[in-house]
Amino acid sequence: MATIVSVPKTSSGDAYDILIEHDFAKLKDAIIKLGFSNKRFCIVTDSNVGPLYADKIVEELSSIAKEIKVLTLPAGEENKNLEQVQKVYEFLIENHFDRKDILFALGGGVIGDLTGFAAATYLRGIKFVQIPTTLLSQTDSSIGGKTGVDFNEYKNMVGAFYQPSLVYMNMSVLKTLSARQFASGMAEILKHGLIKDNSYYEWLINNFIEINDLEAEFLEKMIKRSCEIKAEVVSNDPKEQGERAILNFGHTVGHAIEKYMNFKLTHGECVALGMIAACWISYKRGMLDTEEFYEIRDMFLPFRLPLTLEDDADLDRIIEITKSDKKMESGHIKFILLKKPGKAYIDTSVTDDEMRDAVKQLILTDD
Ligand SMILES: NC(=O)c1ccc[n+]([C@@H]2O[C@H](COP(=O)([O-])OP(=O)(O)OC[C@H]3O[C@@H](n4cnc5c(N)ncnc54)[C@H](O)[C@@H]3O)[C@@H](O)[C@H]2O)c1
Ligand SMILES: [Zn+2]
């Protein structure tokens with residue numbers, strides 16, 4: 001049974017549907033419904049996902065497309081850059097794509113962000129469809145219209161808010177995803193529960209075995225609920241002027257760790273560590289009790305996420321990177337803290353000492 005989550009029209013774009021399916025069989029009808037038949041389709045994918053799934057998409061769509069082209073880019077965050085966007089432009093120009101034609105992003109967050117940015121900018125904007133294939137992209141990056149690429153050493157430095165026309169996910173592609181990449185997506189999913197819905201969080205931690213085993217019924221319920229939470233937050237605040245920032249829970253320290261570790265940890269692993277640091281501050285301020293703090297921390301483990309950094313990690317360096325994070329607001333770091341499990345808020349009063357103390361907790365190998 002298919003599940004649909006609708007994202008309403010906002011100041012940053014039209015409404016669109018998120019279809020949560022078990023295969024690619026409904027993609028064709030969804031594309032016809034959008035009025036995209038008889039157009040040229042360009043499927044942008046990466047060197048891991050393309051060989052697995054591009055042929056299947058071509059097969060599904062060939063009877064309704066004027067022409068289908070596949071562009072396969074090298075996989076990996078190091079390729080989320082303007083050079084690859086340029087390859088997309090060149091490919092579209094060589095193949096005579098005009099403003100009525102359609103881009104498809106088939107892959108994880110890297111392909112989604114990059115293809116979305118190409119779609120936002122080619123001929124001042126052409127339509128695009130997200131077909132996210134990682135757990136992270138299915139529940140997070142494909143929703144909300146943030147597109148872009150990294151620039152020099154700066155992550156997501158260049159980009160645009162640009163909404164897709166459709167997000168179509170086939171959950172069965174998660175079977176080929178590595179356990180580590182699955183865990184990376186789980187960090188964002190646990191985050192959704194912690195910031196917005198404690199009963200969802202409790203359900204997640206009570207069902208970690210079924211979830212890690214990719215049991216279809218559990219995956220569907222989880223992906224749907226996470227898409228709903230993400231869709232709700234981004235449609236209340238499409239351009240991140242307020243509430244949307246709660247999605248950055250765990251990301252202030254998380255991004256610093258990501259940089260400090262030179263991207264050797266996955267995004268989700270860093271976000272899990274960042275959430276532990278933010279929860280420590282919430283705990284020290286009396287908003288979480290001891291049991292709540294340790295449960296949140298320890299429950300990252302069964303989802304194969306780290307609780308600590310190596311004990312020789314350089315605390316000063318991590319703090320320095322955290323402070324230079326772009327989410328500074330009038331000199332203060334914007335921290336997302338928990339009022340209680342399931343309720344996050346934006347706090348700009350976190351002191352250097354609190355931050356230091358929180359990151360220090362991650363470096364201690366045991367308590
Ligand atoms: N736009 C947003 O709102 C937003 C939100 C969160 C993250 N992001 C971005 O998302 C990116 C991370 O996304 P990601 O974690 O999906 O990484 P990714 O796109 O690099 O994918 C991870 C790896 O899994 C491979 N892969 C993807 N799907 C697969 C499948 N089904 N089977 C086998 N292998 C598969 C990819 O080739 C890649 O090697 C970052 O660049 C981050 O900045 C964007
Ligand atoms: Zn994230």
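Biologist: Which residues line the second largest cavity, and what makes a residue part of a lining?

Modeller: Asn-248, Phe-249, Gly-250, His-251, Thr-252, Val-253, Gly-274, Ala-278, Phe-335 and Ile-336 line the second largest cavity. A lining residue has an atom within 4 Å of a grid point, on a 1 Å grid over the protein atoms alone. Two or more of these residues come from each of helix 10 (251-260), helix 11 and strand 12 (335-340), and helix 10 gives the largest share, three residues. Helices (H or I, at least four residues) and strands (E, at least two) are DSSP runs, numbered from the N terminus. This is a predicted model, in which local features need pLDDT of at least 70 and side-chain atom pairs count only at pLDDT 80 or more, while totals for chains, interfaces and linings use all residues. Residues are numbered from 1 along each chain as its sequence is written, chains are lettered from A and ligands numbered from 1 in the order in which they are written, and side-chain values use heavy atoms, with hydrogens and water left out.

Biologist: Why is a space called a cavity, and what is the volume of the second largest cavity?

Modeller: A cavity is a set of grid points where a 1.4 Å probe fits but cannot get out. The second largest cavity has a volume of about 30 Å³, and the largest cavity about 50 Å³. Such a volume is the space filled by probe spheres set on the points, which are joined across faces, edges and corners.

Biologist: How do the two linings divide by class?

Modeller: The second largest cavity has five nonpolar, five polar and no charged residues, while the largest cavity has five nonpolar, six polar and one charged. Ala, Val, Leu, Ile, Met, Phe, Trp, Tyr, Cys and Pro count as nonpolar, Asp, Glu, Lys and Arg as charged, and the others, Gly among them, as polar.

Biologist: What makes a residue a donor of the zinc ion (ligand 2), and which protein residues are donors?

Modeller: Donors are N, O and S atoms within 2.8 Å of the metal (3.2 Å for Na, K and Ca). Glu-188 (OE), His-251 (NE2) and His-267 (NE2) lie 1.9 to 2.1 Å from the zinc ion, and are its protein donors. Water is not among the atoms, so sites may look incomplete. Glu-188 belongs to helix 6 (residues 179-196) and His-267 to helix 11 (residues 267-284), so this pair ties together parts that are 79 residues apart in sequence.

Biologist: Is Glu-188 buried or exposed, and how do you know?

Modeller: Glu-188 has 1% relative accessibility and therefore counts as buried. Buried means under 20% relative accessible area, exposed over 50%, and partly exposed in between (1.4 Å probe, protein chains only).

Biologist: What makes helix 4 largely enclosed?

Modeller: Eleven of its 13 residues are buried, so helix 4 is largely enclosed by the rest of the structure. Among them are Ile-111, Asp-113, Leu-114 and Phe-117.

Biologist: How do you know what helix 4 should span?

Modeller: The expected span is 1.5 Å times one less than the number of residues. For the 13 residues of helix 4 (residues 109-121) that gives 18 Å, and the end C-alpha atoms are 18 Å apart, which agrees.

Biologist: Why is the chain called as compact as a globular protein of its length?

Modeller: The chain has 14 helices and 13 strands. Its radius of gyration is 20 Å, close to the 21 Å that the globule rule gives for 367 residues, so the chain is as compact as a globular protein of that length. The radius is taken over C-alpha atoms, and the rule is 2.2 Å times the number of residues to the power 0.38. Buried residues make up 57% of the chain.

Terms used. On a 1 Å grid over the protein atoms alone, a cavity is a set of points where a 1.4 Å probe fits but cannot get out, and a pocket is an open set with protein on both sides within 12 Å along at least five of seven lines; lining residues have an atom within 4 Å of a point.
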